[in-house]
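Thanks for asking me to look this over. Please have the sequence and the model open while you read my notes.

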Amino acid sequence: MFVHALPFLVSLSFLPIAALGVAYGGLWSYGGIVYAFLIIPVVDYLMGVTKSNLDPKTEERALIFHRAITWMWVPIQIGLIFTVIAFAGANPDPEKNYVVTMIAIGLLTGGIGITYAHELMHQTNKFERSLSEILMTSTLYGHFCIEHVHGHHIHVGTPKDPVSARYGESIYKFYPRAVFGSLASAWRIQRDRMARRNQSFWGLSNPFWRYLLAYVAYFATAYALAGWFGVGLFALQAFVAFTLLEIINYVEHYGLRRRQLADGRYERVQPRHSWNASHQFTNYLLINLQRHSDHHKHPQRRYPVLQHYDEDEAPQLPYGYPTMLIMSLVPPVWFRVMNPRVEAWRRRHYPEEVAA
């Protein structure tokens with residue numbers, strides 16, 4: 001399985017680009033942005049779609065190299081963030097464009113780091129879930145570990161989910177609800193979980209205290225390395241990272257909803273409730289995150305064995321996530337491309353509601 005795992009190392013291609021930005025500044029600092037939103041979409045288009053899958057019954061031990069890729073990203077991400085801040089503190093030359101470089105780092109910590117954290121938080125062992133918390137707190141979004149697993153996966157496609165985008169809703173209307181709604185949802189979920197265990201919400205077992213401690217440690221390190229400029233750089237990459245996360249959330253479920261049953265509950269989550277994309281290059285880059293339909297059907301299934309679904313089972317995005325992300329930022333273009341697809345999805349899966 002080592003050979004099969006190798007293509008998923010494409011995420012490392014960002015590192016030399018980041019290094020050039022830090023070392024030379026100027027136009028080099030824009031390299032990560034150009035790579036993410038110009039080069040990757042082109043390569044993704046040229047490589048096309050692949051429907052091949054590993055057997056979902058592949059043994060866990062056969063996936064050790066795939067798992068190691070997500071583990072090793074943790075020190076890479078932390079090291080990368082603070083290396084840039086340390087350079088900014090040691091050589092505060094405006095021509096180095098540290099702000100632009102840190103925006104590019106935010107695209108990396110949001111696109112790769114949060115994607116890897118997402119994979120790790122769905123596992124049952126404490127080691128991997130701890131790694132997930134390290135990655136998420138480094139983007140000031142630790143609560144995502146709670147809300148995503150215990151909120152989003154339960155309420156996806158319903159009005160109770162703050163990160164399921166409604167039909168006709170622009171990214172600009174969606175974003176504040178997603179950011180503040182997911183934090184409030186995580187707070188309520190953890191409060192209720194601890195109440196069921198007869199634990200005090202203000203006790204040390206509340207993971208929110210771990211998140212807060214991590215935030216303090218990160219900001220203190222940034223300040224020690226580059227003063228308030230370092231604090232600002234750290235906050236900037238975090239903002240870019242969780243903004244990217246919420247734009248991806250917008251893309252993943254736009255306009256798709258679950259039917260409410262007569263007893264008030266909602267139908268079971270099916271592949272049809274998430275947009276699927278099997279574009280080969282970005283699935284290597286994002287460790288099959290775009291096979292989101294299968295992920296919601298099997299949340300604990302590891303990324304190498306996530307399965308492709310055809311149009312009759314799951315709605316398909318016309319392009320990979322980087323292209324769809326850019327498109328979402330221009331609502332008229334987004335609605336023109338996606339609304340007909342949502343309407344076709346409704347006719348296919350809920351014809352009685354369309355007729356009514």
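The points below go through confidence, core, salt bridges, one loop and a surface patch.

1. **Confidence.** Please keep in mind that this is a predicted model. The protein chain has an average pLDDT of 94, and 99% of the residues score at least 70. Helix α6 (residues 126-137) has the highest mean pLDDT among the elements, at 98, while helix α14 (residues 351-355) has the lowest, at 69.

2. **The core.** The largest nonpolar core holds 84 residues, and the members that touch the most others are I85, M136, Y250, Y254, L317, W334 and M338. Helix α9 (residues 207-253) gives the most to this core, contributing 18 residues.

3. **Salt bridges around E128.** The count of salt bridges comes to twelve. One of them is between the side chains of E128 and R67, at 3.7 Å from N to O. E128 lies in helix α6 and R67 in helix α4 (residues 64-90), so this pair ties together parts that are 61 residues apart in sequence. E128 also forms a salt bridge with R302, with the closest N and O atoms 2.8 Å apart. Because R302 sits in the loop between α11 and α12 and E128 in helix α6, that pair links parts 174 residues apart in sequence.

4. **Buried or exposed?** E128 is buried, with a relative accessible area of 0%. R67 counts as buried too, at 16% relative accessibility, and R302 is buried at 5%. Through shared partners, salt bridges join E60, R67, E128 and R302 into one network.

5. **Another pair.** R272 and E267 meet through their side chains in a salt bridge of 2.6 Å, N to O. At 8% relative accessibility, E267 counts as buried.

6. **The loop at P299.** P299 is in the loop between α11 and α12, and it is partly exposed, with a relative accessible area of 28%. Not counting residues up to four places away in sequence, P299 touches H122 and H153. P299 and V149 are 150 residues apart in sequence, yet their C-alpha atoms are 8.6 Å apart in space.

7. **A nonpolar surface patch.** Y319 is in the loop between α11 (292-297) and α12 (321-328) and counts as partly exposed, at 36% relative accessibility. Together with L27, Y30, V34, L38, I39, V42, Y45 and L46, Y319 forms a nonpolar patch on the surface with about 970 Å² of accessible area.

Notes: Residues are numbered from 1 along each chain as its sequence is written. This is a predicted model: local features need pLDDT of at least 70, side-chain atom pairs count only at pLDDT 80 or more; totals for chains, interfaces and linings use all residues. Side-chain values use heavy atoms; hydrogens and water are left out. Patches are made of residues with over 30% relative accessible area and no salt bridge: like charges are joined within 9 Å, nonpolar side chains (Val, Leu, Ile, Met, Phe, Trp, Tyr) within 5 Å. Accessible areas come from the Shrake-Rupley method with a 1.4 Å probe; for residues, only the protein chains shown count as cover. A salt bridge is a side-chain nitrogen of Lys or Arg within 4 Å of a carboxyl oxygen of Asp or Glu. Helices (H or I, at least four residues) and strands (E, at least two) are DSSP runs, numbered from the N terminus. Buried means under 20% relative accessible area, exposed over 50%, partly exposed in between (1.4 Å probe, protein chains only). Contact means heavy atoms within 4.5 Å. A nonpolar core is a set of buried Ala, Val, Leu, Ile, Met, Phe, Trp, Tyr and Cys residues joined through side-chain atoms within 4.5 Å. pLDDT is the predictor's confidence in each residue, from 0 to 100.
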